Amino acid sequence: MEEVKLLGFWPSPFVYRVIWALKLKGVKYEYIEQDIFNKSELLLQCNPVYKKVPVLLHRGKPISESVVILEYIEETWPENHLLPEDAYERALARFWIQFHTCQIPSFHAFFGLTAGEDQQKTIESVLETLKILEEQGLGDKKFFGGDSINLVDITHGWLALWFGAVEEMVGVKLLEPSTLPRLHAWVQNFKQVPVIRDNLPDYQKLVAHMKRVREMLVPQV
Amino acid sequence: MADEVVLLDYWASMFGMRARVALAEKGVKYEYREEDLRNKIKSQLLLQMNPVHKKIPVLIHNGKPVSESLIIVQYIDEVWRDKAPLLPSEPYQKAHSRFWADFIDKKLYDACSKIWSTKGEEREAAKKDFIEILKQLEGQLGDKPYFEGEKFGFLDIALITFYCWFHAFETCGNFSIEAECPKLIAWAKRCMQRESVSRSLADEKKVYELVLGVQKMLGVE
(Lines give C-alpha, C1' and ligand atoms only; values in the text may rest on other atoms or scores of the structure.)
Protein backbone atom coordinates (compact mmCIF):
# COMPACT_ATOMS: atom_id res chain seq x y z
CA MET A 1 0.00 0.00 0.00
CA GLU A 2 1.31 3.43 -0.87
CA GLU A 3 1.72 5.29 2.36
CA VAL A 4 2.13 9.01 1.80
CA LYS A 5 2.28 11.62 4.55
CA LEU A 6 2.88 15.33 4.32
CA LEU A 7 4.25 17.37 7.22
CA GLY A 8 3.00 20.90 6.68
CA PHE A 9 2.18 24.27 8.19
CA TRP A 10 -1.04 25.88 6.96
CA PRO A 11 0.28 29.34 5.88
CA SER A 12 3.29 27.96 4.01
CA PRO A 13 3.26 28.43 0.21
CA PHE A 14 6.05 25.81 -0.02
CA VAL A 15 3.71 23.23 1.56
CA TYR A 16 0.96 24.18 -0.90
CA ARG A 17 3.28 23.43 -3.83
CA VAL A 18 3.39 19.83 -2.61
CA ILE A 19 -0.37 19.68 -1.90
CA TRP A 20 -1.15 20.89 -5.44
CA ALA A 21 1.24 18.38 -7.05
CA LEU A 22 -0.15 15.46 -5.02
CA LYS A 23 -3.75 16.46 -5.83
CA LEU A 24 -3.00 16.93 -9.55
CA LYS A 25 -1.57 13.39 -9.59
CA GLY A 26 -4.52 12.02 -7.61
CA VAL A 27 -2.23 10.76 -4.83
CA LYS A 28 -3.94 10.10 -1.49
CA TYR A 29 -1.97 11.33 1.50
CA GLU A 30 -2.28 12.06 5.18
CA TYR A 31 -1.64 15.68 6.12
CA ILE A 32 0.02 16.28 9.49
CA GLU A 33 0.00 19.90 10.66
CA GLN A 34 3.22 21.06 12.34
CA ASP A 35 3.75 23.89 14.78
CA ILE A 36 6.92 25.46 13.41
CA PHE A 37 7.31 27.58 16.53
CA ASN A 38 7.40 24.41 18.60
CA LYS A 39 8.88 21.74 16.36
CA SER A 40 7.89 18.11 16.83
CA GLU A 41 10.30 15.21 17.26
CA LEU A 42 8.94 13.82 14.01
CA LEU A 43 9.84 16.96 12.06
CA LEU A 44 13.32 17.20 13.61
CA GLN A 45 13.92 13.54 12.84
CA CYS A 46 12.65 13.75 9.26
CA ASN A 47 14.42 16.98 8.35
CA PRO A 48 17.45 17.28 10.64
CA VAL A 49 19.33 19.48 8.15
CA TYR A 50 16.86 22.38 7.83
CA LYS A 51 14.15 21.44 10.39
CA LYS A 52 11.52 22.87 8.01
CA VAL A 53 8.29 21.95 6.26
CA PRO A 54 7.26 20.59 3.85
CA VAL A 55 8.50 17.05 4.37
CA LEU A 56 7.03 14.24 2.30
CA LEU A 57 7.12 10.76 3.81
CA HIS A 58 6.72 7.93 1.31
CA ARG A 59 6.73 4.43 2.77
CA GLY A 60 8.36 5.90 5.86
CA LYS A 61 11.22 7.60 3.97
CA PRO A 62 11.45 11.40 4.26
CA ILE A 63 12.12 13.86 1.44
CA SER A 64 12.70 17.56 2.19
CA GLU A 65 12.94 20.80 0.16
CA SER A 66 9.80 21.51 -1.86
CA VAL A 67 11.52 21.54 -5.29
CA VAL A 68 13.19 18.17 -4.57
CA ILE A 69 9.81 16.83 -3.39
CA LEU A 70 8.10 18.06 -6.59
CA GLU A 71 10.62 16.24 -8.81
CA TYR A 72 10.19 13.10 -6.67
CA ILE A 73 6.40 13.24 -7.05
CA GLU A 74 6.76 13.73 -10.82
CA GLU A 75 8.99 10.64 -11.14
CA THR A 76 7.13 8.38 -8.72
CA TRP A 77 3.62 9.07 -10.08
CA PRO A 78 4.15 9.65 -13.81
CA GLU A 79 0.41 10.04 -14.71
CA ASN A 80 -0.48 13.60 -15.68
CA HIS A 81 3.03 14.90 -16.47
CA LEU A 82 3.99 18.07 -14.65
CA LEU A 83 7.30 18.52 -16.47
CA PRO A 84 7.90 18.53 -20.25
CA GLU A 85 8.99 15.23 -21.78
CA ASP A 86 11.54 16.88 -24.06
CA ALA A 87 14.93 17.20 -22.31
CA TYR A 88 15.54 20.79 -23.46
CA GLU A 89 12.06 21.98 -22.46
CA ARG A 90 12.57 20.22 -19.13
CA ALA A 91 15.86 22.08 -18.58
CA LEU A 92 14.06 25.36 -19.31
CA ALA A 93 11.30 24.46 -16.84
CA ARG A 94 13.90 23.67 -14.17
CA PHE A 95 15.56 27.04 -14.87
CA TRP A 96 12.30 28.89 -14.19
CA ILE A 97 11.65 26.79 -11.10
CA GLN A 98 15.09 27.74 -9.81
CA PHE A 99 14.47 31.40 -10.70
CA HIS A 100 12.24 31.53 -7.64
CA THR A 101 15.31 31.10 -5.42
CA CYS A 102 16.95 34.31 -6.61
CA GLN A 103 13.72 36.23 -6.03
CA ILE A 104 13.67 35.33 -2.34
CA PRO A 105 15.98 38.10 -0.98
CA SER A 106 14.00 40.91 -2.63
CA PHE A 107 10.71 39.36 -1.54
CA HIS A 108 11.96 39.15 2.04
CA ALA A 109 12.88 42.81 1.84
CA PHE A 110 9.39 43.57 0.47
CA PHE A 111 7.81 41.62 3.33
CA GLY A 112 9.64 43.77 5.87
CA LEU A 113 9.10 46.97 3.91
CA THR A 114 9.26 50.14 5.96
CA ALA A 115 9.19 53.79 4.96
CA GLY A 116 12.47 55.34 3.97
CA GLU A 117 15.10 55.42 1.21
CA ASP A 118 15.28 51.69 0.82
CA GLN A 119 11.57 51.37 0.10
CA GLN A 120 11.83 52.51 -3.52
CA LYS A 121 14.89 50.35 -4.17
CA THR A 122 13.11 47.28 -2.76
CA ILE A 123 9.98 47.95 -4.81
CA GLU A 124 12.05 48.34 -7.98
CA SER A 125 13.95 45.14 -7.26
CA VAL A 126 10.75 43.12 -6.80
CA LEU A 127 9.19 44.65 -9.94
CA GLU A 128 12.31 43.85 -11.94
CA THR A 129 12.31 40.14 -11.04
CA LEU A 130 8.57 39.88 -11.70
CA LYS A 131 9.03 41.58 -15.11
CA ILE A 132 11.74 39.06 -16.04
CA LEU A 133 9.45 36.22 -14.98
CA GLU A 134 6.58 37.68 -17.01
CA GLU A 135 8.49 38.55 -20.18
CA GLN A 136 10.99 35.74 -20.42
CA GLY A 137 9.40 32.97 -18.38
CA LEU A 138 5.72 33.27 -19.18
CA GLY A 139 5.82 35.18 -22.47
CA ASP A 140 2.56 34.84 -24.39
CA LYS A 141 1.54 31.55 -22.81
CA LYS A 142 -1.56 31.13 -20.68
CA PHE A 143 0.41 29.12 -18.13
CA PHE A 144 4.15 28.47 -17.72
CA GLY A 145 3.25 24.91 -18.71
CA GLY A 146 1.42 26.06 -21.86
CA ASP A 147 -2.29 25.16 -21.95
CA SER A 148 -2.21 23.53 -18.55
CA ILE A 149 -0.26 24.15 -15.34
CA ASN A 150 2.98 22.37 -14.55
CA LEU A 151 5.66 22.46 -11.85
CA VAL A 152 6.77 25.96 -12.91
CA ASP A 153 3.25 27.33 -12.32
CA ILE A 154 3.14 25.44 -9.02
CA THR A 155 6.49 26.91 -7.91
CA HIS A 156 5.33 30.46 -8.61
CA GLY A 157 1.86 29.75 -7.25
CA TRP A 158 2.57 31.80 -4.15
CA LEU A 159 2.08 34.90 -6.34
CA ALA A 160 -1.59 33.95 -6.68
CA LEU A 161 -2.48 34.53 -3.03
CA TRP A 162 0.46 35.02 -0.67
CA PHE A 163 1.97 37.89 -2.62
CA GLY A 164 -1.38 39.72 -2.54
CA ALA A 165 -1.49 39.25 1.22
CA VAL A 166 1.99 40.81 1.53
CA GLU A 167 0.93 43.68 -0.73
CA GLU A 168 -2.10 44.32 1.48
CA MET A 169 0.02 44.18 4.61
CA VAL A 170 2.71 46.61 3.43
CA GLY A 171 0.19 48.81 1.60
CA VAL A 172 1.92 48.66 -1.80
CA LYS A 173 0.32 47.07 -4.86
CA LEU A 174 2.76 45.84 -7.50
CA LEU A 175 1.08 42.96 -9.34
CA GLU A 176 -1.46 45.01 -11.31
CA PRO A 177 -2.84 44.83 -14.86
CA SER A 178 -1.12 48.15 -15.58
CA THR A 179 2.36 47.07 -14.42
CA LEU A 180 2.42 43.30 -15.10
CA PRO A 181 -0.52 42.55 -17.42
CA ARG A 182 0.40 39.00 -18.43
CA LEU A 183 1.45 37.90 -14.95
CA HIS A 184 -1.73 39.42 -13.54
CA ALA A 185 -3.79 37.45 -16.10
CA TRP A 186 -1.80 34.32 -15.20
CA VAL A 187 -2.75 34.78 -11.51
CA GLN A 188 -6.47 34.92 -12.42
CA ASN A 189 -6.19 31.83 -14.66
CA PHE A 190 -4.12 29.91 -12.11
CA LYS A 191 -6.64 30.51 -9.31
CA GLN A 192 -9.42 29.11 -11.52
CA VAL A 193 -7.72 25.73 -11.99
CA PRO A 194 -9.97 23.46 -9.85
CA VAL A 195 -7.15 21.84 -7.83
CA ILE A 196 -5.76 25.30 -7.00
CA ARG A 197 -9.13 26.95 -6.42
CA ASP A 198 -10.12 24.20 -3.98
CA ASN A 199 -6.79 24.16 -2.14
CA LEU A 200 -5.86 27.60 -0.88
CA PRO A 201 -5.60 28.85 2.70
CA ASP A 202 -8.15 31.34 4.03
CA TYR A 203 -7.01 34.78 2.81
CA GLN A 204 -8.00 36.79 5.91
CA LYS A 205 -6.37 34.25 8.21
CA LEU A 206 -3.24 34.44 6.06
CA VAL A 207 -3.06 38.24 6.24
CA ALA A 208 -3.53 38.13 10.01
CA HIS A 209 -0.80 35.48 10.35
CA MET A 210 1.62 37.47 8.18
CA LYS A 211 0.98 40.59 10.25
CA ARG A 212 1.88 38.67 13.40
CA VAL A 213 5.08 37.27 11.83
CA ARG A 214 6.03 40.72 10.55
CA GLU A 215 5.59 42.20 14.03
CA MET A 216 7.97 39.55 15.35
CA LEU A 217 10.59 40.20 12.68
CA VAL A 218 10.28 43.97 12.16
CA PRO A 219 9.76 45.52 15.61
CA GLN A 220 9.85 49.15 14.48
CA VAL A 221 6.92 48.78 12.08
CA MET B 1 23.91 15.23 -38.19
CA ALA B 2 26.57 15.73 -35.53
CA ASP B 3 25.70 17.52 -32.32
CA GLU B 4 27.11 20.99 -31.89
CA VAL B 5 28.03 21.56 -28.27
CA VAL B 6 29.59 24.77 -26.92
CA LEU B 7 30.38 25.51 -23.27
CA LEU B 8 30.69 29.14 -22.14
CA ASP B 9 32.84 28.96 -19.04
CA TYR B 10 35.57 30.50 -16.87
CA TRP B 11 38.65 28.42 -16.12
CA ALA B 12 38.45 28.77 -12.30
CA SER B 13 34.69 28.34 -11.88
CA MET B 14 33.75 25.29 -9.84
CA PHE B 15 30.29 25.55 -11.43
CA GLY B 16 31.70 25.49 -14.96
CA MET B 17 33.88 22.51 -14.01
CA ARG B 18 30.76 20.51 -13.16
CA ALA B 19 29.64 20.79 -16.80
CA ARG B 20 33.14 19.84 -18.00
CA VAL B 21 33.21 16.72 -15.82
CA ALA B 22 29.74 15.64 -16.98
CA LEU B 23 30.60 16.12 -20.66
CA ALA B 24 33.86 14.19 -20.18
CA GLU B 25 32.08 11.34 -18.40
CA LYS B 26 29.76 11.03 -21.39
CA GLY B 27 32.57 11.37 -23.93
CA VAL B 28 30.87 14.36 -25.59
CA LYS B 29 33.01 16.48 -27.90
CA TYR B 30 32.48 20.19 -27.34
CA GLU B 31 33.95 23.60 -27.97
CA TYR B 32 35.16 25.36 -24.81
CA ARG B 33 34.87 29.15 -24.84
CA GLU B 34 36.49 31.18 -22.10
CA GLU B 35 34.74 34.29 -20.76
CA ASP B 36 37.06 37.01 -19.49
CA LEU B 37 35.45 37.32 -16.06
CA ARG B 38 38.64 38.45 -14.36
CA ASN B 39 38.40 41.67 -16.33
CA LYS B 40 34.61 41.66 -15.99
CA ILE B 41 34.08 41.39 -19.74
CA LYS B 42 31.04 39.37 -20.78
CA SER B 43 30.76 38.42 -24.43
CA GLN B 44 27.73 39.24 -26.58
CA LEU B 45 27.13 35.51 -26.87
CA LEU B 46 26.94 35.07 -23.08
CA LEU B 47 24.57 38.02 -22.70
CA GLN B 48 22.42 36.60 -25.50
CA MET B 49 22.44 33.02 -24.20
CA ASN B 50 21.87 33.83 -20.52
CA PRO B 51 20.06 37.18 -20.51
CA VAL B 52 18.47 36.54 -17.10
CA HIS B 53 21.58 35.95 -14.99
CA LYS B 54 24.41 36.76 -17.46
CA LYS B 55 26.51 34.03 -15.81
CA ILE B 56 28.57 31.04 -16.80
CA PRO B 57 28.40 28.15 -17.29
CA VAL B 58 26.06 28.05 -20.28
CA LEU B 59 25.82 24.92 -22.39
CA ILE B 60 24.75 25.63 -25.95
CA HIS B 61 23.45 22.46 -27.62
CA ASN B 62 22.67 22.86 -31.32
CA GLY B 63 22.19 26.58 -30.74
CA LYS B 64 19.92 26.22 -27.68
CA PRO B 65 21.24 27.45 -24.33
CA VAL B 66 20.96 25.68 -20.95
CA SER B 67 22.02 27.62 -17.83
CA GLU B 68 22.65 26.79 -14.15
CA SER B 69 25.32 24.14 -13.55
CA LEU B 70 23.21 21.46 -11.86
CA ILE B 71 20.49 21.85 -14.50
CA ILE B 72 23.20 21.52 -17.17
CA VAL B 73 24.53 18.30 -15.58
CA GLN B 74 21.01 16.81 -15.47
CA TYR B 75 20.43 17.84 -19.08
CA ILE B 76 23.69 16.19 -20.16
CA ASP B 77 22.69 13.04 -18.26
CA GLU B 78 19.28 12.92 -19.95
CA VAL B 79 20.41 13.68 -23.51
CA TRP B 80 23.47 11.39 -23.59
CA ARG B 81 21.75 8.67 -21.64
CA ASP B 82 23.46 5.68 -23.28
CA LYS B 83 26.72 6.15 -21.43
CA ALA B 84 27.78 6.63 -17.79
CA PRO B 85 24.49 7.41 -16.02
CA LEU B 86 25.11 10.25 -13.55
CA LEU B 87 21.89 10.38 -11.52
CA PRO B 88 20.64 7.28 -9.68
CA SER B 89 17.72 5.61 -11.44
CA GLU B 90 15.72 5.00 -8.26
CA PRO B 91 13.53 8.05 -7.40
CA TYR B 92 14.32 8.15 -3.67
CA GLN B 93 18.07 7.98 -4.27
CA LYS B 94 17.69 10.62 -6.98
CA ALA B 95 15.88 12.87 -4.49
CA HIS B 96 18.68 12.27 -1.97
CA SER B 97 21.31 13.35 -4.53
CA ARG B 98 19.30 16.41 -5.55
CA PHE B 99 18.77 17.42 -1.91
CA TRP B 100 22.49 17.33 -1.09
CA ALA B 101 23.53 19.00 -4.35
CA ASP B 102 21.07 21.79 -3.50
CA PHE B 103 22.58 21.90 0.03
CA ILE B 104 26.04 22.40 -1.49
CA ASP B 105 24.75 25.26 -3.63
CA LYS B 106 22.89 26.89 -0.74
CA LYS B 107 25.71 26.71 1.79
CA LEU B 108 29.18 25.90 0.53
CA TYR B 109 30.02 28.71 -1.89
CA ASP B 110 29.21 31.55 0.54
CA ALA B 111 31.14 29.89 3.36
CA CYS B 112 34.22 29.35 1.14
CA SER B 113 34.27 32.86 -0.31
CA LYS B 114 34.29 34.39 3.15
CA ILE B 115 37.44 32.44 4.06
CA TRP B 116 39.55 34.33 1.54
CA SER B 117 37.58 37.56 1.17
CA THR B 118 37.46 38.51 4.87
CA LYS B 119 39.90 38.65 7.74
CA GLY B 120 40.10 38.35 11.51
CA GLU B 121 36.99 37.15 13.34
CA GLU B 122 34.88 37.02 10.18
CA ARG B 123 37.42 34.69 8.59
CA GLU B 124 37.50 32.44 11.65
CA ALA B 125 33.71 32.21 11.65
CA ALA B 126 33.75 31.36 7.92
CA LYS B 127 36.31 28.58 8.50
CA LYS B 128 34.12 27.11 11.23
CA ASP B 129 31.02 27.20 8.98
CA PHE B 130 32.96 25.69 6.09
CA ILE B 131 34.27 22.76 8.14
CA GLU B 132 30.83 22.13 9.62
CA ILE B 133 29.31 21.95 6.13
CA LEU B 134 32.08 19.60 4.93
CA LYS B 135 31.56 17.39 7.99
CA GLN B 136 27.84 17.12 7.20
CA LEU B 137 28.74 16.06 3.65
CA GLU B 138 31.37 13.64 4.95
CA GLY B 139 28.65 12.13 7.14
CA GLN B 140 26.56 11.48 4.02
CA LEU B 141 29.52 9.82 2.32
CA GLY B 142 30.08 7.45 5.22
CA ASP B 143 32.25 4.50 4.22
CA LYS B 144 31.08 4.41 0.61
CA PRO B 145 33.59 4.98 -2.19
CA TYR B 146 31.31 7.61 -3.76
CA PHE B 147 28.28 9.53 -2.50
CA GLU B 148 25.80 7.35 -4.33
CA GLY B 149 27.56 4.06 -3.58
CA GLU B 150 29.86 2.16 -5.90
CA LYS B 151 29.51 4.49 -8.86
CA PHE B 152 30.73 8.05 -9.42
CA GLY B 153 27.74 10.28 -10.07
CA PHE B 154 25.80 13.52 -9.82
CA LEU B 155 26.50 14.38 -6.18
CA ASP B 156 30.21 13.60 -6.55
CA ILE B 157 30.30 15.99 -9.53
CA ALA B 158 28.46 18.68 -7.55
CA LEU B 159 31.12 18.67 -4.82
CA ILE B 160 34.43 17.55 -6.36
CA THR B 161 34.87 20.75 -8.36
CA PHE B 162 35.40 22.69 -5.11
CA TYR B 163 38.44 20.49 -4.40
CA CYS B 164 40.83 22.50 -6.59
CA TRP B 165 39.99 25.53 -4.43
CA PHE B 166 40.83 23.75 -1.15
CA HIS B 167 44.54 24.63 -1.38
CA ALA B 168 43.62 28.34 -1.60
CA PHE B 169 41.21 28.07 1.37
CA GLU B 170 43.76 26.18 3.47
CA THR B 171 46.56 28.63 2.74
CA CYS B 172 44.44 31.74 3.31
CA GLY B 173 42.81 30.31 6.39
CA ASN B 174 45.90 28.56 7.73
CA PHE B 175 44.23 25.21 8.39
CA SER B 176 44.19 21.66 7.06
CA ILE B 177 40.97 20.32 5.60
CA GLU B 178 42.39 16.79 5.60
CA ALA B 179 42.95 16.96 9.36
CA GLU B 180 39.26 17.83 9.85
CA CYS B 181 37.70 15.65 7.14
CA PRO B 182 40.05 12.80 6.24
CA LYS B 183 37.36 10.61 4.62
CA LEU B 184 36.26 13.45 2.40
CA ILE B 185 39.81 14.10 1.21
CA ALA B 186 40.27 10.37 0.54
CA TRP B 187 37.08 10.54 -1.56
CA ALA B 188 38.39 13.61 -3.41
CA LYS B 189 41.68 11.87 -4.25
CA ARG B 190 39.71 8.86 -5.47
CA CYS B 191 37.66 11.13 -7.77
CA MET B 192 40.83 12.82 -9.03
CA GLN B 193 41.97 9.45 -10.38
CA ARG B 194 39.20 9.69 -12.95
CA GLU B 195 40.38 11.38 -16.13
CA SER B 196 37.08 13.25 -16.47
CA VAL B 197 37.82 14.94 -13.14
CA SER B 198 41.59 15.48 -13.30
CA ARG B 199 41.31 17.04 -16.77
CA SER B 200 38.36 19.26 -15.85
CA LEU B 201 39.51 20.75 -12.57
CA ALA B 202 41.73 23.82 -12.55
CA ASP B 203 45.30 23.72 -11.28
CA GLU B 204 45.11 24.47 -7.54
CA LYS B 205 48.25 26.64 -7.61
CA LYS B 206 46.77 28.81 -10.36
CA VAL B 207 43.54 29.09 -8.34
CA TYR B 208 45.56 30.26 -5.32
CA GLU B 209 47.33 32.88 -7.47
CA LEU B 210 43.94 34.09 -8.66
CA VAL B 211 42.72 34.39 -5.07
CA LEU B 212 45.85 36.33 -4.09
CA GLY B 213 45.22 38.73 -6.95
CA VAL B 214 41.60 39.30 -5.95
CA GLN B 215 42.58 39.71 -2.28
CA LYS B 216 45.03 42.45 -3.28
CA MET B 217 42.27 44.20 -5.20
CA LEU B 218 39.92 43.98 -2.22
CA GLY B 219 42.59 45.04 0.25
CA VAL B 220 42.40 41.76 2.19
CA GLU B 221 45.39 39.58 2.98
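Start with the salt bridges: this predicted model holds 24 of them over all chains, a salt bridge being a side-chain nitrogen of Lys or Arg within 4 Å of a carboxyl oxygen of Asp or Glu. Side chains of opposite charge can pair when their charged atoms come close.

Residues are numbered from 1 along each chain as its sequence is written, and chains are lettered from A and ligands numbered from 1 in the order in which they are written. Because the model is predicted, local features need pLDDT of at least 70 and side-chain atom pairs count only at pLDDT 80 or more, while totals for chains, interfaces and linings use all residues; side-chain values use heavy atoms, with hydrogens and water left out.

**Stop 1: between the chains**

Select A:Glu65 and B:Lys106. They form a salt bridge whose closest N and O atoms are 2.7 Å apart. A:Glu65 sits in the loop between strand S4 (61–64) and helix H3 (66–76) of chain A, and B:Lys106 in helix H4 (residues 91–117) of chain B, so the pair joins two chains. (Helices are DSSP runs of H or I with at least four residues, strands are runs of E with at least two, and both are numbered from the N terminus.)

Now show A:Glu75 with B:Arg98: here the closest N and O atoms of the salt bridge are 3.1 Å apart. How many salt bridges does the rule find across the interface of chain A and chain B? There are six.

Next, colour the whole contact (heavy atoms within 4.5 Å). Chain A gives 24 residues to it and chain B gives 26. About 2,300 Å² is buried between chain A and chain B, with carbon and sulfur atoms giving 65% of that area. Buried area is the accessible area (1.4 Å probe) that two parts lose on being put together, summed over both. On the chain A side, pick out A:Tyr50, A:Tyr88 and A:Phe95, which lose the most area to chain B and together make up 27% of what that side buries.

**Stop 2: helix H7 of chain A**

Select residues 162–170 of chain A, helix H7, along with helix H10 (residues 203–217). Their axes come within 9 Å and cross at roughly 55°. That angle makes H7(A) oblique to H10(A). Axes are lines fitted to C-alpha atoms, for helices over the stretch in contact, and angles run from 0 to 180 degrees between N-to-C directions. Angles under 35 degrees count as roughly parallel, over 145 as roughly antiparallel, 65 to 115 as roughly perpendicular and the rest as oblique.

Show the side chains here: the contact includes A:Trp162 and A:Met169 of H7(A), and A:Tyr203 and A:Arg214 of H10(A).

From H4(A), look for A:Phe107, A:Phe110 and A:Phe111; on the H7(A) side, A:Phe163 and A:Val166 are among the residues making the contact.

**Stop 3: helix H7 of chain B**

Move to chain B and select helix H7 (residues 163–173) and helix H11 (residues 204–218). The axes come within 7 Å and cross at roughly 50°, and the two helices are therefore oblique to each other. Among the contacting residues are B:Trp165 and B:His167 of H7(B), and B:Tyr208 and B:Gln215 of H11(B).

**Stop 4: backbone details**

Which residues does a cis peptide bond join in chain A? Zoom in on A:Val53 and A:Pro54, where omega is about 0°. A:Pro54 lies in the loop between helix H2 (41–46) and strand S3 (55–58) of chain A.

In chain B, go to B:Ile56 and B:Pro57, also joined by a cis peptide bond with omega about 0°. B:Pro57 is in the loop between helix H2 (44–49) and strand S3 (58–61) of chain B.

Finish at B:Asn62, whose phi is near 50°, a positive value in a residue other than glycine. B:Asn62 belongs to the loop between S3 and strand S4 (64–67) of chain B.
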